Amino acid sequence: MMLSVRDLTVSIGPETAPIDIVSGVSFDIGKGEILGLVGESGCGKSMTSLAVMGLLPQPGPRIRGGRIDLVGADVTQLQPWQRVEAGHGRIAMIFQEPMTSLNPVRRIGDQIAEAVRVHDGVSGAAAQARAHELLDLVRIPDAALQLAAYPHQLSGGQRQRIMIAIALACRPQVLIADEPTTALDVTIQIQILGLLRDLCNRLDMSILFITHDMGVIAQLADRVAVMYGGRIVETADVGALFNEPRHHYTRGLMDCMPARNLGARRLPTIAGQAPRPGAIRTGCVFAPRCAAVQDLCLVAAPPRIVLSEGHEALCAFPLQGERPS
Amino acid sequence: MSETLLEVRDLKTSFNVKRSGRKYRLKAVDGVSLSLVSGEVLGIVGESGCGKTTVGRSIVRLVQPDSGAIQFRGGDVLGARGAALRDVRLNLRMVFQDPYASLNPRRSIGDSVAEAGDINGVFKSRADRAARIAETLSAVGLEPSFATRYPHELSGGQRQRAGIARAILPAPAVIIADEPVSALDVSVQAQVLNLMMDLRERLGLSMLFISHDIGVIGQISDRVAVMYMGRVVELSDARTILDRAMHPYTRALMAAVPKPDPSQRIVGVVETGEPPSQFNRPTGCAYAARCPLASERCLAEAPLLRPIGPDNRLVACHNL
C-alpha cells in the first residue's frame, strides 16, 4: 500500500471534551490507484487530506487517534519537514483555487524551480531545465515561453497545470488533489482529469482525489470512499458503487443529481441538512435525514458491514443492491 | 397565446479593463437578442466569461449596456424613470449566486426580504408588512420566525431561500436567477431547485435562469440559450438542445459534462481546447479555433443566429 489510513480521528475543542470532525476513518490506496473521496461541505474530507499531508492548521484540529502510513512508514505525528528529512516526503497536494496557491509576483519558472531546489538540491540552470521538463509533463504548450510568465497571464486551467507541475517536482508517490477542478469550466475540467489519469498511469503515482461531484468520481476514480458527518459510510470499487450503492446516503446523492433526472418534474432530495460536527453523538450520523431510518439507528452506532470483497457500508439496514434509475 | 414579457434586442455591454498597463474594452455581451413569454423558464448556459451574468445584470440595470433595447411588457427598461422605473424594479427581480454575499449581514432576514417593499411604499401598515414577510417566508419553506434572525444564523440553503423570498415579495412577473444553486451542496441544491419549480407553478412566475450547469438548466428550463464569448450560439427547446445539440460548441459542452456512470468514461477521449482571450476577439466565429468543423469562412466571417432544421431552433454556425 502506498497510503494506509487506520481509524484516523481528528478533533477540535478542548482535550477534555473533544469534538470529532473526522471519526475513525480508514482507507488504503494501492500503487497507481485513484481513490475518490466524495462528500458534501463539512463532511471532513478536506480535514482528512490535510491530516494525511501533515498540514492541519495550527492551532486547531489535531490527530486524536489512528495511524497514517505513507509507503510503509508511520508518519502520523511527523511535521512536513520531519517527513522530508526522514525521506518520507514523496507526497504532494494540489488545491481548488490555483491562484491562491501561486505567488502572483513571481514568474512561473522560478516557482517551479523553487520546489525543484528543495527536493533535488539543484539550482540555477539545472533547476530551470527540470522546470521546463515538468511543464512538458503537464502538457503546457510553449514551455520555454511560459516559464517567464506570471500567474495572472495564464488561464485557470493552465494555472492548475502549473500547480500540478510544482506538485510533481518532488516525484510524488502519492498526490492528494482537493477539488482541483471545481473552479474550472467543464471543458477545461475534463482536460485536467485526463492529465491526472495520464500522470497516474505514466508515473505509477497514486492519487487521493477529493470532490463533491459524483460525476467526476465516476469519470476518474478506481475506488470510492463516500464520507458523511466525519465518517466513511461506504467504500467500493467505482463500478460497484454506481451499480449497487448500499448506503442510503450514497444512493440519495446519486438520485438528487439533476443529470440523472433530465426532464423529471421534481428532483428526489435528501431531507434536512448535514449535521454540525459533534451534534449527533448517539446512533447513526445520517439517521435524522435517512428515508429508511429504524428505531435502532437512533440509539446504536451502525455496524460496518462487508457486502462483498472491497465493498463496505456503515449501515445496520443497507440497501439490497437495487440499481439506481 | 402567451404574452411576451421581456424582449432583449441586440444587447451590447462592455467594460473597461486594464491588463499589464494597457487599457482594453472587454465586450462582455456582443449582440444578444432574447425573449421571454409569460410562464416560461428560459435557461442561459455557458462557461465563465461568456457574458451570461452580464446579460442578467443588464436587464435589471445593474450595469449600463452600450446599446440595444430591453422591453418589459412593451415598455422601455433602459430609459425608464420615475413610476415606470419603479414598475420595472418591482417586476424584474434578481436572485444572486452567493447567498453569503448577497444578504446584508447586519440586517435581519425580515428587513432584507421587505426592502423592496419598504423603498417603494408597498406596505399599507406595519401589520401588513409583518404579514407579507411571514407569508413570503412560508412560501419559500422558512418558518416566519426567521424574520428576526440574521444571515449568519442560517445555513447556505436557508440563506438562498431568504434570497428567493426577497425576490418574490413584491409579486414580480420575472425572476432573473444568476447561478442560484451553484454555491449549494448537491442535496440542498435539489431542494432549492424544487422550490423554484414550485414557486413558478404557484405564482405563475417567468424566469431567466442563468447557470453553467447543463444538468440544472435541463431540469428547470423550457427553452435554452447557449452563450459563447458574448453571443448566443444556439437557442431552442430544452429537450431539443439536450438531446440533439447542433452547434459544435454546444456539443463539446454537453460531451464534457462528467456523466455519473463509470461505464461511460470520457476522460482522455473528449478534446476541448482552450477558449481564446477575451481581449482579442477573433474576427470570425469566436469558436473557430477550438472547432473541429472550422473552415476558411469561419475565420473571416462571424456566423449569425439563423433557423436550422424543423425544431424551431436557432444556430449560429456556417457549417450546418
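A salt bridge, for this tour, is a side-chain nitrogen of Lys or Arg within 4 Å of a carboxyl oxygen of Asp or Glu. You're looking at a predicted model, where local features need pLDDT of at least 70, side-chain atom pairs count only at pLDDT 80 or more, and totals for chains, interfaces and linings use all residues. Residues are numbered from 1 along each chain as its sequence is written, chains are lettered from A and ligands numbered from 1 in the order in which they are written, and side-chain values use heavy atoms, with hydrogens and water left out.

**Stop 1: a pair in one helix.** Select D198(A) and R202(A). They form a salt bridge, with the closest N and O atoms 2.7 Å apart. The two sit 4 residues apart in helix α8 of chain A, so about one helical turn separates them. (Helices here are DSSP runs of H or I, at least four residues, numbered from the N terminus.) R202(A) is partly exposed, at 49% relative accessible area; that label covers values between buried (under 20%) and exposed (over 50%), using a 1.4 Å probe and protein chains only.

**Stop 2: a network.** Now pick D120(A), R130(A), E133(A) and R171(A), which salt bridges link in a network. Zoom in on D120(A) and R130(A): their closest N and O atoms are 3.9 Å apart. This pair joins helix α4 (residues 108-120) of chain A to helix α5 (residues 124-137) of chain A. Which of the two is buried? R130(A) is, with a relative accessible area of 11%, whereas D120(A) is partly exposed at 29%.

**Stop 3: where the chains meet.** Show both chains. Here 47 residues of chain A are in contact with 41 residues of chain B, contact meaning heavy atoms within 4.5 Å. Between the chains there are 2 salt bridges. For one between D198(B) and R266(A), look for a closest N and O distance of 2.6 Å. On chain A's side of the meeting place, α8(A) gives the most, with 9 residues.

**Stop 4: over to chain B.** Select E7(B) and R9(B), whose side chains meet in a salt bridge at 2.3 Å, N to O. Both are partly exposed, E7(B) at 21% and R9(B) at 41%. Finally, colour helix α5(B): 13 of its 13 residues are buried, so the rest of the structure largely encloses it.
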